[in-house]
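Trainee: I would like to learn how to read the features of a protein model, one at a time. Could we begin with charged side chains?

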Amino acid sequence: MSEGTGTGKRIALYLGSAHGDSPAYREMTVSVVRTLAASGHSLVYGGGSVGLMGVAADTALEAGMEIHGVITQALLDREIRHTGLTSLEVVDTMTERKQRMADLADAMVTLPGGIGTLEEFFEVWTAQVLGIHRKPVALIDVEDYWAPMLEMIDRMVERGFFAAEHRDRLIHLTDPAELTGALDCWVPAAAKWTS
């Protein structure tokens, strides 16, 4: 387990700094965080107070969860940080932020977001595929938000650029009630470059 204090896992949550165009994104964020809280988990996230990030942090605090933020100095200077977190770590760069969040986490969960969320998701999933870490990576879908991306990933498998065994290890859910069980039951594939 990573640097946690309780019996639960630390879950890195990647999600948007905007609310999106549907109330379903907010509803799913609240549901996912409450589900994780009910299982005794804590959160690691980007430290912000805006968009779905703020919704997640507020929900976690209301549920009595530990929540650890990692934010860059530049974002801190813009005063978008959340002020009620269990802890807030300040780093210099976005690269450091992503690495620190991944290091702190036992599993990674992605909800809808923009290009920053996509970058975080692909970085931790690629690291899993390469065997840099052996932690589950989950993608939570809302109103088929991730469907075009998953179609592209399936095309990569069909065209021989990505192994089906790694595609199959990505947890893809639409029901947050299934999340904790999926994280607990996840088994890694062999790293890409091992024989």
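Mentor: Let us begin with the general idea: a salt bridge is counted when a side-chain nitrogen of Lys or Arg lies within 4 Å of a carboxyl oxygen of Asp or Glu. Please keep in mind throughout that this is a predicted model. In this structure, arginine 100 forms a salt bridge with glutamate 89, and their closest N and O atoms are 2.9 Å apart. Because arginine 100 lies in helix H4 (residues 94–104) and glutamate 89 in strand S4 (residues 87–91), the pair ties together parts that are 11 residues apart in sequence.

Trainee: Are arginine 100 and glutamate 89 buried or exposed, or something in between?

Mentor: To judge this we need the cut-offs: under 20% relative accessible area counts as buried and over 50% as exposed, with partly exposed in between. Arginine 100, at 21% relative accessibility, is therefore partly exposed, and glutamate 89, with a relative accessible area of 28%, is partly exposed as well.

Trainee: How many salt bridges does the structure hold?

Mentor: There are five salt bridges. One of them joins lysine 9 to aspartate 184, whose closest N and O atoms are 2.9 Å apart. Since lysine 9 sits in the segment before S1 and aspartate 184 in helix H8, this bridge ties together parts that are 175 residues apart in sequence. Lysine 9 has a relative accessible area of 25%, so the residue is partly exposed.

Trainee: Which residues are linked in a network of salt bridges?

Mentor: Such a network links Lys98, Glu119 and Glu123. Lysine 98 belongs to helix H4 and glutamate 119 to helix H5, so the pair ties together parts that are 21 residues apart in sequence. The two partners also show how the cut-offs work, because lysine 98, with a relative accessible area of 10%, is buried, while glutamate 119, at 43%, is partly exposed.

Trainee: Let us turn to nonpolar side chains. How many residues does the largest nonpolar core have, and which of them have the most contacts inside it?

Mentor: The general idea is a set of buried nonpolar residues that are joined through side-chain atoms within 4.5 Å. Here the largest nonpolar core has 30 residues, and those with the most contacts inside it are Leu13, Leu43, Leu179 and Leu183. Among the elements that give two or more residues to this core are strand S1 (10–14), helix H1 (23–38), strand S2 (42–45) and helix H8 (179–185). The largest share, six residues, comes from H1. Apart from this core lies another one of 22 residues, including Tyr14, Ala102, Val124 and Trp125.

Trainee: What does leucine 183 touch, once residues up to four places away in sequence are not counted?

Mentor: Leucine 183 is found in helix H8, and this residue is buried because its relative accessible area is 3%. Its contacts beyond those neighbours are Lys9, Ile11, Leu36, Ala107, Val109, Pro136, Ala138 and Ile171. Leucine 179, with its neighbours within four places left aside in the same way, is in contact with Val32, Leu36, Val109, Ala138, Ile140 and Leu173.

Trainee: Which residues form a nonpolar patch on the surface?

Mentor: Met152, Met156 and Phe161 form such a patch, and together they have about 330 Å² of accessible area. Methionine 152, which is found in helix H6 (residues 147–158), has a relative accessible area of 42% and is therefore partly exposed.

Trainee: Finally, how many aromatic pairs does the count come to?

Mentor: The count comes to six aromatic pairs. Tryptophan 125 and phenylalanine 162 form one that is edge-to-face, with 5.3 Å centre to centre and 80 degrees between the planes. This pair links distant parts of the chain, since tryptophan 125 is in helix H5 (residues 115–129) and phenylalanine 162 in the loop between H6 and helix H7 (164–169), 37 residues apart. Both tryptophan 125 and phenylalanine 162 are buried, and ring pairs link Phe121, Phe122, Trp125 and Phe162 into a cluster. Another edge-to-face pair is formed by tyrosine 145 and tryptophan 146, at 4.8 Å centre to centre and 80 degrees between the planes.

Key: Residues numbered from 1 in each chain as written. Predicted model: local features only at pLDDT ≥ 70, side-chain atom pairs only at ≥ 80, totals over all residues. Heavy atoms only, no water. Buried < 20%, exposed > 50% of the residue type's maximum accessible area, 1.4 Å probe, protein only. Helix = DSSP H or I, 4+ residues; strand = E, 2+ residues; numbered from the N terminus. Contact = heavy atoms within 4.5 Å. Patch = residues over 30% accessible without salt bridge, like charges linked within 9 Å, V, L, I, M, F, W, Y side chains within 5 Å. Areas by Shrake-Rupley, 256 points an atom, 1.4 Å probe, with all protein chains shown as cover. Phe/Tyr/Trp six-rings, centres within 6.5 Å; stacked < 30°, edge-to-face > 60°.
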